Amino acid sequence: MSKQLFNSSEKSNFILNMTEEKYSQLATFGLSTACFSTAVFAVIPEIVDKLSYSIVSGGLAISGVICMILALIGIMKKYIDFRKNIPFFAFGVMVVWGIVSLINSYSVSISFYGFSGRGEGLLAIIFYFCFFITAMSVKREKAITIIVNSVIASGLLHSVIGLVQVFTGKLSHYRFASLKIKINSASGLAQSPIFLAMVLSIALTASLVTAVLTDSKKRRIFCIVSSCLFSFVIMFTYSLMGIVGIVIAVFSAVASFLIKKSPAIRLVSVFSGILPAILSVIIVNAGIVGEISSYKLYDGYTLWWADSYMRLSASGIYNKDDLDISDTTEVYKYLNSKTIDIIKKYSLTGTGADQLVYPQLYTNSGLDPEITDLNTIISLNKGTFDKVYNEYLYTTATRGIPSLIALVMILVSVLMRGLRKIKKSPSENNICTFMMFICGIIIFFIGCSNITFSPIFWTVSGLLMCSEKQKQ
């Protein structure tokens, strides 16, 4: 007999009567939406130049609200085992401390909603928590397979747009690395070439690992073709992240092959992640793309000049006297060093989410006193930056050391859970989600959280915490 609440109808009590299978179907939809929503919304500002990139946050809000409802249902239906569930409580602590950081931030509004065009305020962190909880509540292997496929499909969407950007220069803000260097860099629908490299790294890991593990010939072919496209496009981000992503994906595939002891012939699939990357370099060196004749990394130009300064006015232009912007290693060292100085000053609560640039502002001279536009003031401050490409430093600088401790607790706990799952059941899904998770925590050392990559990462993290009950 169906359960009812007081004298209400069965329809109004759908939560009480929802089966685990029905919930799993809804959760699969919600989490798959999280993989695509920001990318779909990013199409609008890419096509219409005058529209702000803040509209992309609408995509996160839609998938976030869907999963917020699903997370609450999952908790009510007791699909989450709270015993020894350190990641759940650690994430809760990170959200609560985010509120403390918000109260002590430079701008409460920005700390909650995020900087315009970035959108990574406390609200985004709450949505990430909901993705994590919803993924933890999924208990059917078929649902996990669909979500993994959604990650790969998301990578395909970004890659197709990336090809258009590389070979036509259209739908892109990254045709130039500087005023004189035309490179036609790929950013897909991730808003930045480096963010695209992060998304394609985890998608490439998923496709390569699946290719060496799956028993389905059709799925293996699909993953090999996808891997070729990911590997090809990721090199056109001209970023350290792209190269590291390929290395992680290849090693993950080889490790998965050894763990599962797959047929030797499947190891050939790994070359679908290597050969297209080499082809990309050859194309650049042949002068076919852009107006350059040799392949090199443009991380500094991309993250500082093209993205933060030109696209969003979220930072000042780089200072030539302080660093060589063409030296990738020097750029990352400089950002890390300056961020550590900020951490020393704001160690407890941080600067506030998405507000790393604020403590660096030193002047508004040259402006009319009546002009109070924030982006104009920030742009005037030469040598300032709004992102450090190390998520662990960025979390500490913007939300304090307690948030870093909570983040580390989450990641370590999920890592241990993943290791136990593989040891107990080295299934295709368990190995694949584990390798995707490892990819994420590694690239966070040279990348930062963003509304395109993070929904995928926290979904994958939650899947490692779930318990598969049936293969239906």
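The lining of the second largest cavity first: 3 nonpolar, 5 polar and 4 charged residues. Here Ala, Val, Leu, Ile, Met, Phe, Trp, Tyr, Cys and Pro count as nonpolar, Asp, Glu, Lys and Arg as charged, and the others, Gly among them, as polar. The residues are G117, R118, E120, A190, Q191, F195, R311, K387, S449, N450, I451 and T452. The volume is about 70 Å³.

A word on the basis. This is a predicted model, where local features need pLDDT of at least 70 and side-chain atom pairs count only at pLDDT 80 or more, while totals for chains, interfaces and linings use all residues. Residues are numbered from 1 along each chain as its sequence is written, and side-chain values use heavy atoms, with hydrogens and water left out.

Now, cavities. On a 1 Å grid over the protein atoms alone, a cavity is a set of points where a 1.4 Å probe fits but cannot get out; lining residues have an atom within 4 Å of a point. Points are joined across faces, edges and corners, and a volume is the space filled by probe spheres set on the points. The whole structure gives 2 cavities of 30 Å³ or more.

The largest cavity has about 160 Å³. It is lined by 17 residues, with I125, Y128, E391, R399 and S449 nearest its centre. Two or more lining residues come from each of α4 (86-103), α6 (122-137), α15 (391-399) and α18 (454-465). Helices are DSSP runs (H or I, at least four residues), numbered from the N terminus. Which helix gives the most to this lining? α15, with 5 residues. By class, the lining splits into 9 nonpolar, 4 polar and 4 charged.

Back to R311, from the lining of the second largest cavity. Its charged end sits over the ring of Y53, 4.4 Å from the ring centre. The cut-offs: NZ of Lys or CZ of Arg within 6 Å of the ring centre and within 35 degrees of the ring normal.

Next, aromatics. There are 29 pairs. Rings of Phe, Tyr and Trp (its six-membered ring) pair if their centres lie within 6.5 Å; planes under 30 degrees apart are stacked, over 60 edge-to-face, the rest tilted. F112 and Y113 are edge-to-face, at 4.8 Å and 90°. F112 is partly exposed at 27% relative accessible area; Y113 is exposed at 53%. F236 and Y238 are also edge-to-face, at 6.3 Å and 80°. Both are buried. Buried is under 20%, exposed over 50%, partly exposed in between (1.4 Å probe, protein chains only).

Last, one aromatic cluster: F88, F89, F91, F129, F132, Y392, F437, F444, F445, F453, F457 and W458.

Note on methods:
On a 1 Å grid over the protein atoms alone, a cavity is a set of points where a 1.4 Å probe fits but cannot get out, and a pocket is an open set with protein on both sides within 12 Å along at least five of seven lines; lining residues have an atom within 4 Å of a point.
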